[in-house]
Amino acid sequence: MAWVTEYDLRWTNSNTSGITGGTIYIQRDGGSYQQPLSLLKGSLEIRQVLPSWESQIFRMSCSFAIVNDFSDYYALLPLMTISNGQLKVVVESGLDSDAEIIFEGYLNPETISQDFFNYAPLRLTASGLIKKLEYTHPTEIDTIQFMSLIDIIDDCLLLSGSSYNIRVNNTLAEQTAGRGVSQTVFNRTGVFTQLFWENNIDRLSALDIIEEILKTFNCYLYWYKENWYIEAYEDLDHETGSPCKVGEKGYVQYTSGTSAGYGYSDTAGIECEALIINQIHDPQNRPQKHPKQLLSILPGMRQIDVRLNQLQYFNLLNPDLSDPVVNGVEADRWFPPFRTWHAYDVDPGYAWTKRGETWKNIANSITRAGGYDITSGDGGTNGLTTRFRITSKLDTELTIRFKFAVPYNYGAPDPNFFDNPEDTEITFHWWARIGLASYIVHNESAGTWETSLFMPDNQIVISGADLDQDRWVYEGEIVMPVGELLTDLIGSSLASGYDADIAFRMGTETYTDNGGSALYTDEPGQFAVFGDFAAAITENPGNNLLQGTQNTDFLDKKEIELLLYDADSWSYRNSLLYGDDWDSLCEAWGRDSVFDTLGRNLLQSKFRLHNVARQKISIDYHTTEIFKPLQIWEENKQADKQFALTQDIYYPENQTHSVVLSEYDDTTVVNLI
C-alpha cells in the first residue's frame, strides 16, 4: 500500500517575501481523502533537540491544534483513537513545486484529554521518524553475517517507513584500511550482526543499534530537508576540500535501499554544501525576537571512563548449514572462505540434502544421503569443512560441539538402515588444522595432544546403546588445548594473544556391529544427519576500562560504555573489521597522521569539550531561515569561541526560532594523565 492523505491543513505567515505558508498532511497507509481541517492560528511548532552531547540522535517532534468546527464535533474522534504508527504527519513549507518537507513523523497514540465541544481546539503531537525505531529491529540482524556499518544503519532507518539518503561527514579512518574520497569509516568498517543480539531470541532495537554505532565514533544523527545526516563532532566546522570548493563541506551520500549495499570496496556519491557559520548577533540579517538571551554553564570534567563491554562470541563458527559450498574448488576443500561451510560429494549418489532444516532436536542440520568410504582420498576431500578464527593465549582451550543423528529404520523396512542402532558401534573421524601448516592430533593411547605435518584422522567411538533411544541423537564434544599447541608451533609466548585460523572437518563415520563387522560404510541408501555445530574458547577477559583524568579543580566524572570498539581478539564479537571479506581486525584510527585506539580517540574528543566549563546560549530569532542542526555559530564578543546549534523550536507561522547554542571545541590539545 501507499501513504494517502486523509486530512490536510493550510498554514500561513505574514512574511512579505519568500515563503508565505505551507501545508500539513495527515496520512494513512492505504487510506483515502476525507476532508480539510482548520488550523488554530499560531499553534504550529516543530522541535529539533539534541538532549546533550552524550546523546547521539536529534529528536524531532511537531505539534499543532485543530479547530473543531464540525457540526458533529465527534467527527474528529478518529484522530484521538489511533494506534502507534497508524497516521503519518508531513509538514511542507512553500506551495506546489516550491514546497519542501520540513517535518515527517507519526501522530502520537498517547492518551489525549480534550475539551470536546463546538470550536474547541484539539491539540495533536507527532514524533519524528526516529521514534518508530524504538520497538523494532531490522531482520538482517537475525541472520548471522558480517555487514558494513552503513548498511546496518540504513536497514534500521528504513524501519521508520520512509526512505531518505544518508549524508555522512566523518574524516576518521582506520590506519590500515584507510578510505577514499567517496568513502567513510561506515562502509570501510563492518561488524558481526550477532553483536546486536541480547540472547538467541531478543535483539537490540534499531534505535539502540544506531546509537551504539554512532557513540563509538562520536557522531550525531539528524534529519534535515529530506536527508539523514551523520556528522562527526571533530568535523562540524571543517571544509572538506576536493571535489568540493573552498567554503564548502562535502558529504559522502549513501543511497538508501541500495540493493547490494555498500561494502568495503564500494564508493558512494559526494554532495557539497556551503559551510555556513552564522553570527549570534546579526540584527540586520537575523533580528532577535527579544533583546535578551539566557546564558547557562555546563561544568567541566575531571575524569572520563570509557568502559568496553566485552562480549564473547556465542559461536566462533557459523552454525548455519543452509547454504554450504558443494564441490567447490579444490583449494577450498581444506581451507574454505572464512566462516563458510564446504560440503564434498564423493559421488553423485551421496548428496548433501535438507540443508539448514530441523531434524529431531538438531535445530540446524544437514543430511548426507549415502555413506562415506573415508579411505577414498584418505579423508582429504570428504565431509563437511569450515574455517574460523581465534585469538589464543597459553591457557586457551577450544571446544567444538556437534550433534549427529544415527541412521535407523524409522519407516518401511529398508536394508540400508539400521533396525537396531543400539547394537551398533559408531566411529566419527574428524580433523582440525591450524592455518595451512599443521594438523591437530589426539594421541589416544598416550592421552596427549600434538601437531603434525601429516593428516591422520582423530576418532570418537561411541556405542548406540548409550544414546537417547527416543531420538537416536548423539551430542559430541571435542576439547583441544590450542594455546599449548600454538606455543609449541611458534616457539614463543602467547601472552599478548596470537591470531590463528582453525579449519575443522567432520561428516565421515564408520559403523560396525557388535562382532566388529563393518556395516553399510558405502551404501547410497544410508542417511546421516549432522548439525548444531558450535565452537568456543575459554579465555579470561582482558582489561576493559580506559580512564582519562586531567589536572583540574572540577570534581565531575562521566562514564561511557562502548559496544563496538577495536577489540584485539577474535574471541569478542565487539570487534570492528575491515577487508572485502571482513577478515581483518581494526587496530588504530585517526585523522591525518595521528593514530590511536578508538577508546583513546573518544577520550581525547570528549575532553576537548569537557576540559573546561562550557557555555550554552538560549536566544530567540525572527527570521525566514530554517536552521540546520549542529550548524556552527560565532559570537562577536567572544572571538575565540564557537557554538553548535543543539536545539531549535521553530514556529513557522510566526517565522520565529527559539534556539540553544552549545559551545563547541575541536582544537584544544588535551594532555591526559
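Hi everyone, let's start with strand S27 (residues 424-434), which runs antiparallel to S32 and is joined to it by ten bridges. Strands here are DSSP runs of E with at least two residues, and helices are runs of H or I with at least four, numbered from the N terminus. Two strands count as paired if DSSP finds at least two bridges between them. Within this pair, Ile426 stands opposite Tyr511 in S32.

A quick word on the source: this is a predicted model, where local features need pLDDT of at least 70, side-chain atom pairs count only at pLDDT 80 or more, and totals for chains, interfaces and linings use all residues. Residues are numbered from 1 along each chain as its sequence is written, and side-chain values use heavy atoms, leaving out hydrogens and water.

Back to S32. Strand S25 (residues 383-392) also pairs with S32, antiparallel and over nine bridges, and there Thr386 stands opposite Phe504. So is S32 buried or exposed? Twelve of the 16 residues of S32 (residues 498-513) are buried, so the strand is largely enclosed by the rest of the structure. Buried means under 20% relative accessible area, exposed over 50%, and partly exposed in between, with a 1.4 Å probe and protein chains only.

Now for Asp488, which sits in helix H4 (residues 482-490). Asp488 is exposed, at 61% relative accessible area.

Ala173 stands opposite Gly590 in S38. Thanks, everyone!
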